[in-house]
Amino acid sequence: MLDNFVNQFWPNTIDGLSLGAIYALVALGYTMVYGVLRLINFAHAEIFMVGTFASVFTIQALGVSEVGGLGLIGVVVLLALVSGLVSGGSAVLLEATAYRPLRKRGASRLAALISAIGASIFIQQLFATIGVPLLFDTSKAGKLPVNSHFVERSNVIDLGPIQVSNDKLIIFLGAILMMIALDQFVNRTKLGRGIRSTAQDPETAVLMGVNIDRVVTATFLVGGIMAGVAAALYIVRFEQAWYFTGFLLGIKAFTAAVLGGIGNIRGALVGGFALGLFEAYGASIFGSGWKDVVAFSVLILVLMFRPTGILGESLQQARA
């Protein structure tokens, strides 16, 4: 087992970082909503799933097949734009229909949590029973393969044991750019300061003139856009969508958010990459069938020994 880990160290590291980048982008939606509303938005996984459908639909509409080089970058940018807009709009609609009415009536967080679970199941089944037959010609129970392979894979970095293919490099760099953009938005813009102030002290933020409804809508929109971009990158790597795609990946992204420190944006980045690496290394040691076990074992250990997460302590100090 250890021999396999050593021999496959660099390939597993590259796989783990590319997968962790997707986890991190989805985790950002969980951590932002929790930071503002103290709500675990379980329907966020389905927002990601909607983005994967949007990407597959775009690929099929364009008839893209076996594209590489600069053409692949252009396709990925287009997929990210389409999926980001669709997922962002879906997230705003979700907030307006499933959460805002409860918030206006002063409902408990438990009611909002139950609404999140119900919304998740509703969206999932909507795409399973209506969305798939309506939008796609498929007989695979909702699993939507892209026509052949639209990514022409080739190694762009070849340094002996370190070999990085073009798709994994695009996934990693694309995720990093989105995270930098989000970090700058939250820390340098007026709306971003409103999000941070609401997360730290919502009552004082209201007294200072912050429009809570606007902040909440912006939070869901930004989180949805991140999930949509993650969906586009997911399609680049796996080239298929499924109405159940968001379930397991969403739980892992939530695990990444907890690992990094729920409510901490930079923690979601660290947690996503860490979870991707843990999963890849665990699969090389114990076998691919154990990778999900490794991921959830990490969640249990974090909750047992460091429930605030890797970067959660600084967040708690900021609120004190």
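Me: How many salt bridges does a search of the whole structure find?
Reply: This is a predicted model: local features need pLDDT of at least 70, side-chain atom pairs count only at pLDDT 80 or more, and totals for chains, interfaces and linings use all residues. Residues are numbered from 1 along each chain as its sequence is written, and side-chain values use heavy atoms, with hydrogens and water left out. A salt bridge here is a side-chain nitrogen of Lys or Arg within 4 Å of a carboxyl oxygen of Asp or Glu. The search of the whole structure finds 10.

Me: Is E95 buried or exposed?
Reply: Buried means under 20% relative accessible area, exposed over 50%, and partly exposed in between (1.4 Å probe, protein chains only). E95 has a relative accessible area of 1%, so E95 is buried.

Me: Which residue forms a salt bridge with D213?
Reply: D213 is partly exposed, at 26% relative accessible area. Its side chain meets its partner at 2.8 Å, N to O. That partner is R103.

Me: Which residues do salt bridges that share partners join into one network with D213?
Reply: R103 also bridges to E95, with the closest N and O atoms 2.9 Å apart. E95 in turn meets R100, at 2.9 Å, N to O. The residues joined with D213 are E95, R100, R103 and K104.

Me: Which residues are buried in helix 12?
Reply: Helices are DSSP runs (H or I, at least four residues), numbered from the N terminus. The opposite face, turned away from the buried side, carries exposed I300 and M304. The buried residues are V294, A295, V298, L299 and V302.

Key:
Helices (H or I, at least four residues) and strands (E, at least two) are DSSP runs, numbered from the N terminus.
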